[in-house]
Amino acid sequence: MTTPPALLIAGHGTRDDAGAEAFRAFVRELGRRRPGLPVAGGFIELSPPPLGEAVAELVERGVRRFAAVPLMLVSAGHAKGDIPAALAREKERHPGVSYTYGRPLGPHPGLLRVLERRLAEAVDPSWDPTEVTVLLVGRGSTDPDANAEVFKAARLLWEGRGYAGVETAFVSLAKPDVPGGLDRCARLGARRIVVLPYFLFTGILPDRVRTQTEEWAAAHPEAEVRSADVIGPEPELLDLVLERYEEAVKGDVRMNCDSCVYRIALPGFEDKVGLPQQPHFHPDDDGHHHHGHGHSHSPSHAH
């Protein structure tokens, strides 16, 4: 019987200790879910262990094949460039090792169910959903394709659930920002707003979303504003990561190339077409240096 490839989880990284530990605990839980399947996880930046250390751990356990799954909601610079480049570097460091690369999590129906639960936890039970406007807040990127995926998630969350509307904002690098998104909700007539962070785990940026929401609410007492929690290590998330792993093992990885700035000339991003992959390490998590120059995947990369 052929031994299945190991599972490598690639995370973004955060300066927030609780967020980093949430990732590490999630990786451990994946291992418990699939006894006999070697599982390891590492970060691109900011948090231990680094991705290279996770690969080395698998190699020390005798692993020669693995499938890497980016634990990220959208396909931005990290998923498109940093992780593939880092994996290519690890392949050079460990001769004889091979890997396949999975796709980001995306607005999967399972995650939409979790978001719906987070909304239910945040709203007053007496509120009529038709009077509730949701502001879905993503990380934000200089990659228009990644930002568009957050809008897609917002639309899918709105469909069939009866909310007055689901608007979109970003906490860094992209407009509208959180106060701007809340202003838009108010201009549309919203009086009951739930701000829903589109993040997997706690961290610096989700905390910033909550703080900015509280500041806006204090300045707008006419609106009732609630903050929802992040997605968290829910069973649906565990199931989805394993689903992405199975896709990668089978070679059934379908990623969007139609609006990727490294393949298609989009207005304002023409200089990115065809840029080669380069590992990129960020100095901090303050929202000002993410997904900057050097992020790319080459046109030959099968994404």
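Figure 1. The chain holds eight helices and eight strands. Helices (H or I, at least four residues) and strands (E, at least two) are DSSP runs, numbered from the N terminus. This is a predicted model: local features need pLDDT of at least 70, side-chain atom pairs count only at pLDDT 80 or more, and totals for chains, interfaces and linings use all residues. Residues are numbered from 1 along each chain as its sequence is written, and side-chain values use heavy atoms, with hydrogens and water left out. Of the 303 residues, 53% count as buried. Buried means under 20% relative accessible area, exposed means over 50%, and partly exposed lies in between (1.4 Å probe, protein chains only). Contact means heavy atoms within 4.5 Å. Among contacts in the chain with a separation of 6 or more, 76% come from residues 24 or more positions apart.

**Figure 2. An open sheet of four strands.** Strands of a sheet pair through backbone hydrogen bonds, either parallel or antiparallel. Here the order is E2-E1-E3-E4, and the pairing is parallel. Two strands pair if DSSP finds at least two bridges between them. Strand E2 (39-43) and E4 are the edge strands, and each pairs on one side only. On average, neighbouring strands of this sheet are turned by 25° against each other, direction ignored. Axes are lines fitted to C-alpha atoms, for helices over the stretch in contact, and angles run from 0 to 180 degrees between N-to-C directions.

**Figure 3. Strand E1 beside strand E2.** Strand E1 (residues 6-11) and E2 run parallel, joined by five bridges. Leu 7 stands opposite Val 39 in E2. Ile 9 stands opposite Gly 41 in E2.

**Figure 4. Strand E2 and its two faces.** In a regular strand the side chains alternate between the two faces of the sheet. Both faces of E2 are covered. Val 39, Gly 41 and Phe 43 are buried on one side, and Ala 40 and Gly 42 are buried on the other. Five of the five residues of E2 are buried, so this strand is largely enclosed by the rest of the structure.

**Figure 5. Helices across the sheet.** Helix H2 (residues 51-60) lies across E1, E2 and strand E3 (65-70). H2 runs at about 160° to E2. Helix H8 (residues 235-250) lies across E1, E3 and E4. H8 runs at about 130° to E3.

**Figure 6. The crossing of helices H4 and H5.** Two packed helices are described by the angle between their axes and the distance between the axes. The axes of helix H4 (residues 109-122) and helix H5 (residues 144-158) come within 10 Å and cross at roughly 70°. That makes H4 roughly perpendicular to H5. Angles under 35 degrees count as roughly parallel, over 145 as roughly antiparallel, 65 to 115 as roughly perpendicular and the rest as oblique. The crossing of H4 and H5 is right-handed. A crossing is right-handed if the near helix is turned clockwise from the far one by less than a right angle, and left-handed if anticlockwise. H4 makes the contact through Leu 112, Leu 115, Glu 116 and Leu 119. H5 brings Ala 153, Leu 156 and Leu 157. By class, this contact of H4 with H5 has six nonpolar residues, no polar ones and one charged. Ala, Val, Leu, Ile, Met, Phe, Trp, Tyr, Cys and Pro count as nonpolar, Asp, Glu, Lys and Arg as charged, and the others, Gly among them, as polar.

**Figure 7. The loop between E2 and H2.** Leu 46 lies in this loop between E2 and H2. Phi of Leu 46 is positive, about 70°, although Leu 46 is not a glycine. Leu 46 counts as partly exposed, at 28% relative accessibility. Pro 49 also lies in the loop between E2 and H2. The peptide bond from Pro 48 to Pro 49 is cis, with omega near 0°.

**Figure 8. The loop between E6 and H6.** Leu 173 sits in the loop between E6 and H6. Leu 173 has a phi near 70°, a positive value in a residue other than glycine. At 36% relative accessibility, Leu 173 counts as partly exposed. Pro 176 is found in the loop between strand E6 (165-170) and helix H6 (178-187). A cis peptide bond joins Lys 175 and Pro 176, with omega about -5°.

Figure 9. Pro 104 lies between strand E4 (98-101) and H4. Pro 104 is buried, with a relative accessible area of 10%. The C-alpha atoms of Pro 104 and Val 69 are separated by 7.0 Å. Along the chain, Pro 104 and Val 69 are 35 residues apart.
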